[in-house]
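Please keep the 3D view open while reading.

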Amino acid sequence: MNKSELKPAVVFEQFAKINAIPRSSKREEKMIEYLKSWGESHGLDTKVDETGNVIIRKPATKGMEGRKTVILQSHMDMVCDKLVDVDFDFDNDPIKTYIDGEWLTAEGTTLGADDGIGCAIELAILESNDIEHGPLECVFTRDEETGLSGAEGMKPGFMTGDYLINLDSEDEGEVFVSCAGGRNTTATFTFNREAPSPTLFFMRGQLKGLVGGHSGDDINKKRANAIKILGRFLYKMINKYEGIRLAQFHSGKLHNAIPRDGSFVIAVPFELKENVMVDWNVFNSEVEDEFHVTDTQMVWNMESTDAEPVIEDTVAKNFIRALQAVDNGIYAICQDEALGGMVETSSNIASVHTEETVINILSSQRSNVMSNLDNMCATIVATFELAGAKAWSSDGYPAWKMRPDSKLTEIVRQSYVDLFGKEPVVRGIHAGLECGLFSERYPNLDMVSFGPTLRYVHTPDERLLIPTVQMVWDHLLLVLKRI
């Protein structure tokens, strides 16, 4: 298969144009201008709100003017991540894609199908003149990936539709009817730097090649977290040997991604350097065996490095103990049988970075039950506070609760059965969707979410299963015809 054979062509043509536009979270200005100009050039009612969300309205096709208005919604920004050895400028360079069997992926960077493919589907429908539909509102929100601030800033009345179809899901054949709420928790350790003893030997430990993934969708897959792995090793060392000093710890980039790589710099008494190296190699082997199913490409390295000032000992040890102690992964499973054993509450320690006198830690908590979200955040805050850090949680975003009497869900479900001869899976999702915020501003809005199959989102391994785009396209067009 080559790119000229991608189906539906109208969708993939739009996706290619979108991927030529820089659109990292909070820097979507070029994408906003592109959408505004595109809508106006096609003679469609186009508006940009004060937050930067774009809405493009298309009248109903002839004979369907009396139908309910449908909102199609996706987010314009993308997670920008790349392999550590890839030279790429997300503010200027176009995403370079290639076909790998039935998958579309990118050369060493995130693909941007989350949620560029949703935007492409919307634009393809807006451009068409042979699709049957009632009145349409195509909405493109900004800054979904770093806090849903586009949806947060949207004022009531910007959208006027009766039904909303969110195109930001990642498993074809699944229809999502609820999502988790989320908050971020930040912790900071403040310290003084100390001149190292001349009897210390400095070593840099590095880990890369982990699978990583989305901290909501993939939290149940037991993938390794680089911060937790490196923290475990350091905890072993400070409990086994005297005189271990920490100088640096760096890992992770985004609040909603499981960290794929990281490094630390430690200083050890000269006579212990061989012992620490042996321990490192043993630890590598044990961890590789522990994650032999999920993370098969771990790359470890330990080497000598230049001396530098170290973090004061008490703070360093408390920080390492906190990394060992802090909850990470699944905290609770949903009790509601209708949600099929979905993860209810979780936490992901997402990034750790040392500066001259501060260690900054960011973690992300999610839950479909807001009281347990508060509880999870309090647990993380308390862990870091006990270690002497300052810690606090953000306001976050709400969960989207399942609507038992949803007419839209039934239309979407029956259309799928009629097209493909099988039932779709109707369920909740542990990731956050903008539908949670929309449900607060538009309490009468009937919503679902579905989309083509994506894998390894928020990582440079992100990929889109090409045949599922046609399936979602056919499904969506039937739904629009039937509403």
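The expected span of a helix is 1.5 Å times one less than its number of residues. The model is predicted, and that rule can be applied to helix α3, which has 15 residues and should therefore span 21 Å.

**Helix α3 and the cores**

- Of the 15 residues in α3, 14 are buried, so the helix is mostly covered.
- The largest nonpolar core has 58 residues, and those touching the most other members are Ile125, Phe140, Ile165, Leu464 and Leu476.
- A second core of 50 residues is separate and includes Phe291, Trp300, Ile380 and Phe384.

**Contacts of Leu464**

- Setting aside residues up to four places away in sequence, Leu464 touches residues including Phe12, Trp103, Leu111, Ile117, Pro452 and Val469.

**The four-stranded sheet**

- An open sheet is formed by four strands in the order β4-β5-β25-β24, with antiparallel pairing.
- The edge strands are β4 (97–100) and β24 (454–455); each has a single partner strand, so one side of each has no neighbour in the sheet.
- Four bridges join β4 to β5 (residues 103–106) in the antiparallel sense.
- Asp100 stands opposite Trp103 in β5.
- Helix α11 (residues 466–482) lies across β4, β5 and β25 (463–465), and runs at about 55° to β25.

Note on methods
Residues numbered from 1 in each chain as written. Predicted model: local features only at pLDDT ≥ 70, side-chain atom pairs only at ≥ 80, totals over all residues. Heavy atoms only, no water. Core = buried A, V, L, I, M, F, W, Y, C linked by side-chain atoms within 4.5 Å. Buried < 20%, exposed > 50% of the residue type's maximum accessible area, 1.4 Å probe, protein only. Contact = heavy atoms within 4.5 Å. Helix = DSSP H or I, 4+ residues; strand = E, 2+ residues; numbered from the N terminus. Pairing = 2+ DSSP bridges. Axes fitted to C-alpha atoms, helices over the stretch in contact; angles between N-to-C directions.
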